[in-house]
Amino acid sequence: MVQLPPADVRSAANRLKRAQGQLAGVLRMLEEGRDCEDVVTQLAAVNRALDRAGFSIVAGGLKQCMTQEGGADSLDAQKMEKLFLSLS
């Protein structure tokens with residue numbers, strides 16, 4: 001099991017909290033009947049924020065796997081590839 005360093009956890013948590021705030025904004029926009037183009041633009045920003053958080057978490061896990069005992073030999077490349085692809 002990979003445990004991310006506290007700094008990586010904080011960074012990912014901050015990204016997710018920002019995305020959460022953006023998503024709340026999108027919901028407000030919908031409820032207020034805002035222009036569809038504006039809503040979609042903000043929704044795309046939420047999606048990018050979530051993607052960045054996900055990639056940050058996966059990259060942090062990969063970095064930790066590479067520096068642990070066994071290094072690249074203990075890395076499950078298929079599992080890491082599956083994680084990255086799940087974000088695309």
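Which residues of α1 are buried? The buried residues of α1 are Ala12, Ala19, Gly25, Val26 and Met29, where buried means under 20% relative accessible area, exposed over 50%, and partly exposed in between, with a 1.4 Å probe and protein chains only. This is a predicted model, in which local features need pLDDT of at least 70 and side-chain atom pairs count only at pLDDT 80 or more, while totals for chains, interfaces and linings use all residues. Residues are numbered from 1 along each chain as its sequence is written, and side-chain values use heavy atoms, with hydrogens and water left out.

**The chain as a whole**
- The protein chain has 3 helices and 0 strands, these being DSSP runs numbered from the N terminus (helices H or I, at least four residues; strands E, at least two).
- Of the 88 residues in the protein chain, 20% are buried.
- Contacts (heavy atoms within 4.5 Å) between residues at least 6 apart in sequence join residues at least 24 apart in 61% of cases.
- Carbon and sulfur atoms hold 56% of the accessible surface of about 6500 Å², an area from the Shrake-Rupley method with a 1.4 Å probe.

**Helix α1**
- Helix α1 covers residues 6-32, and its 27 residues should span 39 Å at 1.5 Å a residue, which agrees with the 39 Å between its end C-alpha atoms; the expected span is 1.5 Å times one less than the number of residues.
- After α1 comes glycine 33, whose phi is positive, near 75°.

**Leucine 83**
- Leucine 83 lies in helix α3, residues 77-86, and is partly exposed, with a relative accessible area of 37%.
- Between leucine 83 and alanine 59 there are 24 residues of separation in sequence and 10.0 Å in space, C-alpha to C-alpha.
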